[in-house]
Amino acid sequence: MTDRITRRAVFFIGGYDPKTAESFFGRLGKEIARFDKVWGVSTSISPVELSPDGEVGRAAIRTSAGNWATETDFSFFVLDRIVLGDFAKPLPKRLWKYLVMFGDYVASGTLFRLFAASWRFGLYMLYPFFMLFVFAAAGTFVGRWLIQTGMPGALPLGAAAGLILFFGLLATLGRRWSITHLMDLWSFSRDYLRGRRPDADAQLRRCGDLVAAQAVQFDYDEILLVGHSTGGALILDVAGYALAADRLLARRKARVCVLTLGSTALKIGLHPAAGAFRRKVQTLVDDGRIDWVEIQCLTDVINFYKTDPVALMELSPRRAGENLPFPLVRQVRMRDMLEDATYKRIKRNFFRVHYQYIFGNTKRYFYDFFMICCGPLPLRVRAEKSFVGAGLSEESTI
């Protein structure tokens with residue numbers, strides 16, 4: 001394996017968010033400008049190309065400094081069609097699907113397994129349900145008050161007023177506070193793990209086929225399959241589909257690495273009905289040549305801090321001596337990757353903290369999303385050496 005990357009492919013899938021390729025790469029460009037300033041490197045990005053089906057946005061990124069230069073073919077898997085389709089459904093239907101999901105997670109014991117793995121993530125899961133309870137309490141209070149007035153028709157009037165207030169709060173504050181978004185996310189997760197999202201399955205299969213095709217077509221040194229948040233689960237499926245499309249995927253020149261950032265894959269993998277998902281991950285374990293690095297952070301409540309996903313899913317571990325552990329779990333400190341003023345500004349914003357994995361740092365730090373995607377060192381080298389505490393302050397002059 002080469003110690004210096006000259007050409008890399010990055011395939012990125014984010015969380016359950018409506019984000020176009022144009023908006024994603026627009027933000028990427030702003031964050032890269034910060035990356036350039038912090039590390040003293042020079043980066044250029046090509047115009048974004050969108051695939052004919054609208055499912056993949058691509059850009060070529062070139063980064064150089066000192067005596068190295070790296071070219072990165074960056075592909076962003078677009079989930080807009082799936083997410084916006086869910087958002088467009090009638091609000092009562094979205095509420096019903098969410099309540100069914102919540103009952104499923106309780107009855108199956110998955111909610112309790114999530115709390116056992118990470119109590120903070122468990123509280124994050126309860127957030128939409130708690131807010132629904134608050135909205136329902138407000139509607140009930142107003143409804144009962146009207147009923148107690150004793151006016152003609154008070155009972156139907158009070159019931160109607162309570163329902164109108166509940167759905168009004170859900171439609172307004174629920175949207176503003178991301179409650180309806182999270183309801184749809186959890187409903188999607190339940191349908192997905194039970195094999196009831198053929199639209200998502202088909203798209204992820206096409207993404208896997210694309211990874212396999214580009215691995216054969218281009219002369220890459222490294223292929224990174226990167227998933228953030230819910231994408232931490234979806235990228236494992238993509239990797240499984242890519243391996244199924246090309247059994248020699250990880251035995252070609254390019255080193256194939258899965259990188260999960262603030263992953264919530266265990267919300268899928270810990271459910272008893274997620275057998276197909278766990279079997280897909282097991283194929284990656286058994287391959288023996290694909291690497292998986294999992295990045296976790298205590299500051300981020302929307303991840304499973306200090307956990308081993310393969311162990312918690314009760315999968316057979318990789319045999320000793322077969323490359324890196326699978327996954328190789330590393331923890332990062334966001335306080336150390338950000339200037340004090342930046343950290344103080346974002347630390348209480350759970351969603352902003354959750355996105356810092358894929359934003360530009362404001363200080364040099366051993367974990368840097370853009371140095372991983374655009375720098376000269378393979379992820380495998382970083383995982384084996386850099387992530388155990390070695391500084392990379394001189395990397396820009398490698």
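Predicted model: local features only at pLDDT ≥ 70, side-chain atom pairs only at ≥ 80, totals over all residues.
Figure 1. K306 is not a glycine, yet its phi is positive, at about 55 degrees.

Figure 2. E314 belongs to the loop between α12 and β9. Its phi is near 60 degrees, a positive value in a residue other than glycine. E314 has a relative accessible area of 73% and is therefore exposed. P327 is placed in the loop between α12 (309-312) and β9 (328-332). The peptide bond that joins F326 and P327 is cis, with omega about 0 degrees.

Figure 3. S263 lies in the loop between β7 (255-261) and α10. With a relative accessible area of 4%, S263 is buried, the limit for that class being under 20%. Residues up to four places away in sequence aside, S263 touches S229, G232, A233, E294, N303 and F304. For one of these, S229, the C-alpha atom is 4.4 Å from that of S263, although the two residues are 34 apart in sequence.

**Figure 4. L182 in helix α7.** L182 is a residue of helix α7. Its relative accessibility is 5%, so L182 counts as buried. Apart from neighbours within four places in sequence, L182 is in contact with Y124, Y127, P128 and F351. The view also takes in L270, 88 residues from L182 along the chain. The C-alpha atoms of L182 and L270 are separated by 19 Å.

Figure 5. Helix α3 covers residues 91-107. Its 17 residues should span 24 Å at 1.5 Å a residue, and the end C-alpha atoms are 24 Å apart, which agrees. The buried residues of α3 are L91, R94, L95, Y98, M101, F102, D104 and Y105. These buried residues pack against α2 (80-87), α4 (110-117), α5 (119-148), α6 (154-176), α7 (179-193) and α10 (266-269). After α3 comes G109, with a positive phi near 85 degrees.

**Figure 6. K89, in the loop between α2 and α3.** K89 is located in the loop between α2 and α3. K89 counts as partly exposed because its relative accessibility is 29%, between the 20% and 50% cut-offs. V211 is 122 residues from K89 along the chain. Between the C-alpha atoms of K89 and V211 the separation is 32 Å.

**Figure 7. Helix α8.** Helix α8 is made of 20 residues, 198-217. From the first C-alpha to the last, α8 reaches 28 Å, close to the 28 Å expected at 1.5 Å a residue. Its buried residues are A200, D201, Q203, L204, C207, G208, L210, V211, A212, Q214 and A215.

**Figure 8. The whole protein, as context for the close-ups.** The protein has 17 helices and nine strands. Along its principal axes, the C-alpha trace spans about 85 × 45 × 40 Å. A compact globule of 398 residues would have a radius of gyration near 21 Å; the protein has 23 Å, which agrees. Of the 398 residues, 57% are buried. Among contacts with a separation of 6 or more, 75% are between residues 24 or more positions apart. The accessible surface comes to about 16,900 Å², and carbon and sulfur atoms account for 59% of that surface.

Methods:
Residues numbered from 1 in each chain as written. Heavy atoms only, no water. Helix = DSSP H or I, 4+ residues; strand = E, 2+ residues; numbered from the N terminus. Expected span 1.5 Å × (residues − 1). Buried < 20%, exposed > 50% of the residue type's maximum accessible area, 1.4 Å probe, protein only. Contact = heavy atoms within 4.5 Å. Rg over C-alpha atoms; globule rule 2.2 N^0.38 Å. Areas by Shrake-Rupley, 256 points an atom, 1.4 Å probe, with all protein chains shown as cover.
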